[in-house]
Amino acid sequence: MTPDLDSLATALYVTTDDLLTESPHLAPWRPEIGIEPRLSDAELVTLAVMQALLGFTSERRWIRYASSHLRHLFPYLPGQSGYNRRLRKAADLIARVNRLLAASTSLWTDNVWVVDSTPIECGRSRETVKPSDLAGWAEYGYCASHSRFFWGLRLHLVCTLHGLPVAFALTGAKADERTTLLDILDAESDLVGARPGQTLIGDKNYFGASFERELAELEIRLLRPARKGEAQRAGSQLFKPLRQVIESVNDTFKGQLDLERHDGRTPGGVMVRVLQRILALTAAIWHNDQASQPVMRSLTAYDH
């Protein structure tokens with residue numbers, strides 16, 4: 001555990017605890033009469049972020065490691081099954097903390113966004129796929145960057161040019177990227193309405209006259225490379241270097257935050273593990289921004 005990570009954990013715990021003190025209804029539901037959990041909800045969120053930042057994909061190994069090395073931060077730690085159960089119930093809280101941290105950074109008001117989707121594999125063998133609880137949501141899709149088919153989901157992500165996650169959605173592998181983006185923007189109507197003139201950078205999959213017309217109605221300007229047979233588009237000289245931002249973010253999710261090794265077996269399990277990793281990236285950017293340090297696109301400074 002590095003001093004930077006120790007400091008991040010403390011700041012995240014305090015911020016989450018303050019949020020729950022001001023808005024107790026955001027805490028996961030539990031009976032009014034019963035034993036109060038010994039690990040608070042703020043500690044649970046902090047523990048989940050530490051797990052992602054330190055690269056533990058096995059919850060059993062993570063609890064064992066935390067019991068040996070993080071007792072100064074977490075005097076009480078639940079067993080693996082208890083941690084798993086509480087984590088799944090805390091998905092809404094994790095999403096709210098993620099938005100709170102993102103909105104409190106100096107990057108939140110950036111007037112340029114980048115959008116893309118990335119595959120999240122959920123199974124390979126037919127023996128795994130057929131009885132899976134994810135069947136009906138997860139499906140077969142094609143990953144162009146690796147030239148292969150996969151069975152799973154797609155994470156659709158809108159982020160700033162510094163890699164700060166702004167909005168996201170988790171869909172089946174075949175979901176249309178344009179439709180999903182419009183759904184995200186519709187769900188985030190207050191966010192979009194407060195940013196007239198926003199620029200959005202996407203790849204060649206974000207095309208179509210009606211699609212661009214809907215974005216224009218939201219006062220969003222789309223930059224994307226020209227498709228085969230199209231005339232050169234405005235801003236094309238800026239596209240390649242700016243597109244590297246979202247590719248860097250996806251590399252961080254998969255290479256350092258182990259997005260594809262989520263081990264989720266149910267829709268709720270996959271969802272909270274994806275949220276856990278998004279919050280980990282947001283928390284790292286937020287912590288650096290609060291400390292007036294350069295914003296990281298890599299999490300190597302928090303490696304153990």
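Guide: Two residues are in contact when they have heavy atoms within 4.5 Å. With that in hand, the structure above can be read feature by feature; it is a predicted model.

Visitor: Among contacts between residues at least 6 apart in sequence, what share joins residues at least 24 apart?

Guide: In this chain the share is 67%, counted among contacts between residues at least 6 apart in sequence. The chain is built from 11 helices and 6 strands.

Visitor: How many residues are in the chain, and what percentage is buried?

Guide: A residue is called buried under 20% relative accessible area and exposed over 50%, with partly exposed in between. Of the 304 residues in the chain, 51% are buried. The chain exposes about 14800 Å², and carbon and sulfur atoms supply 50% of that area.

Visitor: Is Leu170 buried or exposed?

Guide: Leu170 has 13% relative accessibility, so it counts as buried. It lies in strand 4, residues 165-172. Leaving aside residues up to four places away in sequence, Leu170 touches Ile120, Trp137, Leu153, Arg154, Leu155, Val270, Met271 and Val274.

Visitor: Why does Asp4 count as partly exposed?

Guide: Asp4 has a relative accessible area of 35%, so it is partly exposed. It is found in helix 1, residues 3-22. Asp4 and Ala284 are 280 residues apart in sequence, yet their C-alpha atoms are 9.7 Å apart in space.

Visitor: How does the span of helix 11 agree with its number of residues?

Guide: The expected span is 1.5 Å times one less than the number of residues. Helix 11 has 24 residues and should therefore span 34 Å; its end C-alpha atoms are 34 Å apart, which agrees. The helix is mostly covered, with 20 of its 24 residues buried.

Visitor: What covers the buried residues of helix 4?

Guide: Helix 4 runs over residues 80-89, and its buried residues are Gly82, Tyr83, Asn84, Arg86 and Leu87. Their cover includes helix 2 (41-53), helix 3 (59-69), helix 5 (91-103) and helix 11 (267-290).

Visitor: Where is Arg233, and which residues does it touch?

Guide: Arg233 sits in the loop between strand 6 (220-223) and helix 10 (236-256). Not counting residues up to four places away in sequence, Arg233 touches Glu212, Leu222, Arg224, Pro225 and Ala226. Its C-alpha atom is 7.9 Å from that of Leu223, a residue 10 places away in sequence.

Visitor: What volume does the largest pocket have?

Guide: Rolling a probe the size of a water molecule over the atoms shows where empty space is left. Here the largest pocket has a volume of about 630 Å³. It is lined by 25 residues, of which Asp116, Ser117, Ala144, Ser145 and Arg154 are the closest to its centre. Two or more lining residues come from each of strand 1 (112-123), strand 2 (139-143) and helix 10.

Visitor: Which element gives the largest share of the lining, and what is the lining by class?

Guide: Helix 10 gives the largest share of the lining, 6 residues. By class, the lining of the largest pocket has 11 charged, 8 nonpolar and 6 polar residues.

Conventions. Residues are numbered from 1 along each chain as its sequence is written. This is a predicted model: local features need pLDDT of at least 70, side-chain atom pairs count only at pLDDT 80 or more; totals for chains, interfaces and linings use all residues. Side-chain values use heavy atoms; hydrogens and water are left out. Helices (H or I, at least four residues) and strands (E, at least two) are DSSP runs, numbered from the N terminus. Buried means under 20% relative accessible area, exposed over 50%, partly exposed in between (1.4 Å probe, protein chains only). On a 1 Å grid over the protein atoms alone, a cavity is a set of points where a 1.4 Å probe fits but cannot get out, and a pocket is an open set with protein on both sides within 12 Å along at least five of seven lines; lining residues have an atom within 4 Å of a point. Grid points are joined across faces, edges and corners, and a volume is the space filled by probe spheres set on the points. Ala, Val, Leu, Ile, Met, Phe, Trp, Tyr, Cys and Pro count as nonpolar, Asp, Glu, Lys and Arg as charged, and the others, Gly among them, as polar. Accessible areas come from the Shrake-Rupley method with a 1.4 Å probe; for residues, only the protein chains shown count as cover.
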